[in-house]
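Hi,

Here is the structure I promised to pass on. My notes follow below it.

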Amino acid sequence: MIGKLLLLTFVGLCTAYQYSYEYEFPSTRPFNKTGFEFGAWEPNQQYVYNVTTKTMTALPDLEDYWTGIVTHGYLVIRPKDHNYVVAYIDRPMYAAFNEYLPRGYRTELSRFNLKWQPMPFSSKPFGIYYNKGAVKGFYVEKNVPNHEVNMLKAWVSQLQLDTQGAYVIKSEFNQFPENNTLTGVYKTMEPSVTGECETLYDVNAVPEFHFQSHKEWVPQPQWLEEDQHVFHVVKSRNFDHCEQRMGFHFGFSGFSDFKPNTNQMGNIVTKSEVTQAYLTGNWYNYTIQSVSTVNKIVVSPSLVNSQKAMVYAQVNMTLNEITPYDKYPEGPADDRQVFVDLVYSYNLAHDKKNFVRPANETDDSSSSDSSDSSSSSSDSSSSSEEEQKNYKISPAEQYKEQVKNVEHRGNRNRRDLNAFQEKQYYEAYQRDQFRLRKQNESSSSSDDSSSSSSSSSSSSESDEHDFYSSSESDSDSLSSEEFYQPMPESMKEAPQTPFLPYFTGYKGYSVQYAHNVDASRYAYKLAYEIAEELQEISQVPKSNTLNKFTILARVLRTMHYQDVYDVCQKLFVSQKEREEGSNHSESFAKKVDAWNTFRDALAQAGTPPAFKVIKELIEEKKLRGDEAASVIATLPKTIRYPTETVMHEYFLLVTSNAVQHQEYLNTTAMISFCDFLNRAQVNNRSAYNYYPVHSFGRLADADYKIVAHKVVPWFAHQLREAVKAGDSVKVQVYIRCLGHLGHPEILNVFEPYLEGKIPVTHFQRLAFIVAM
């Protein structure tokens, strides 16, 4: 027995010893005298790397016609100390191409007569900062454009080689390379230009005869000394597990079996990235001979056809020369430099200067962040347990703070549903719940009632807590991250959307700033152009009319509220004009079709300014009846930025007199609003999958109480009044709306009707069951 205990103790000590060195590989390490005993650089040397990149796209399953851009330049590196090297880009060039490539992306572009041009690049020196042998980020001058910094990040990411375990994460399969084994497999969570994602390292030693037949692997073999080795390092990125995932997405269903911006997004998108590096020396002190990174994105343009589209990006970096350098390397000045990490930073679409966006230099590993978040979540859960609802006191006292918050929000967001009404609905709703609890307590024995009350209270509380906290930890934790775009809170400003061509297509920012682009004039002209093509339906396919409609919606997304409103006023045709106008006049028909085209494109735009214009058109009754209902019915699927402001403005629209007093429009508006709230706020899975949370974070706080404090009380009040009035149609509409919300709070609304405390018909009771 004692022997077994000693054996277990010994195993535990060995395991503890292994994990104590998790960020410093356990092996025969060299003695650290100057710091240059570790890493890829030697003092008083200048390293020159030949860097070539190409980004290209095609439909290769149909034909190998590729279009893209290729760049070339030299990355010059001068070590300052073992944790800081100065670098700059020398002679950057670029060329565009649109060619038939017989071997696809494997075709050598050097055979084509490319027209090389100087790249508009500042080529200012920057300082690369290392931490534990891995690249943490670099320093650049404050006035360097952000799009140029992103290009530097792509080049510097080639130098990211974690040979000392700075970013290693726990894995039962980790086997670290040592000088006596020369092989290893381990996982890291390391940053690069494509995000901070899990990376699998596969390390092997390459025999001499192998690399001699591939000169491009080791272009400078003279730096390989006796008793040294050539290491082949393969890095595979796993986009399923990322601490920082960069991208823009919209419209993926909440019921999809995949997350956006991951390795495999159903049968729609596939993404992969593999880096291969060749090092000469030993594992701790080496020379980077060559690095090649390949990123592939395969897209299915249509769910029907099997042909795939591909975006292929490759960065090649090969050692050109190493020469002595006795001068002192000079990087950015201390008073003019900012620190940036390796992860791509979004361009600000409406910032004409678009300077570099600094990162937090003191950020530690993600493990500390996760521990902080877990501790904060445990604190919040414990505090929520302490604040359990007490149903034996007056609801006026119990919900005093919540009512004050509701009143404050009502004063801030004025108009139809004022603060006094909202407060009344909320107090009446809570008063009903109080009475129900009292009745439940008095109808059973004190012991049973107390136990059932506490269990139901805790279960409902835990359900609500689970509902809010079950949101993907990614989307909840991202709401305050610095790397996100500014939240599109304003209802007048166009959002700062990343990646989309009309937002970043002109020198990294919106095309609105191009001197030859007048978006308002172009939108007006395009609406009329589409209207003219609609006069002859047979010409629509040849004229690419549907593509023009898509372009019109994209242009509207970049426009300010006032610009959208002005174009709307120019194109607007009232229903009275349409009724009185001549059906045989071609010019009048074009005018009507131009308005219909603009109206539908406006509904498809999905930005806060577009929603504001639609809201005003409905409130002013310029859009009414079936026309208004068709527009508002599309909004749940087209609104791209469901901020708290948009949710409240939508609620004001639905509850306004202009909507509620119009038959059919009121029903459509209420159902569409509840569908929208379910997708954007209640259902955390769709809130993550459907909206661009990787660009902006969660667009409305998961704890935003608009559903529990505003929407459910309002519908509960309307349902009660409809039941009293015996209006069966309205009763069914309100039941269906509450069901579409899908919020746990609706159970408290349905309870008295299902238990017979408020009499309803059998059919209506069935409707309650179906709605759940």
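**Notes on the model**

At 5% relative accessibility, Thr-545 counts as buried, where buried means under 20% relative accessible area, exposed over 50% and partly exposed in between, with a 1.4 Å probe and protein chains only. This is a predicted model, in which local features need pLDDT of at least 70, side-chain atom pairs count only at pLDDT 80 or more, and totals for chains, interfaces and linings use all residues. Residues are numbered from 1 along each chain as its sequence is written, and side-chain values use heavy atoms, with hydrogens and water left out.

Thr-545 sits in helix H13 (residues 545–557); helices (H or I, at least four residues) and strands (E, at least two) are DSSP runs numbered from the N terminus. Leaving aside neighbours within four places in sequence, Thr-545 is in contact (heavy atoms within 4.5 Å) with Ile-530, Glu-533 and Val-540. Other buried residues of H13 include Leu-552, Val-555 and Arg-557, and among the elements covering the buried residues of H13 are helix H11 (519–534) and helix H16 (586–605).

Another threonine, Thr-643, lies in the loop between helix H18 (625–638) and helix H19 (644–654). Thr-643 is buried too, at 0% relative accessibility. Not counting residues up to four places away in sequence, Thr-643 touches Met-487, Pro-488, Glu-489, Leu-699 and Ala-700.

Finally, the strands: strand S7 (residues 184–192) is largely enclosed by the rest of the structure, because seven of its nine residues are buried. S7 pairs with strand S8 (residues 195–205) in the antiparallel sense over nine bridges; pairing requires that DSSP finds at least two bridges. A hairpin of two residues joins S7 to S8.

Best wishes
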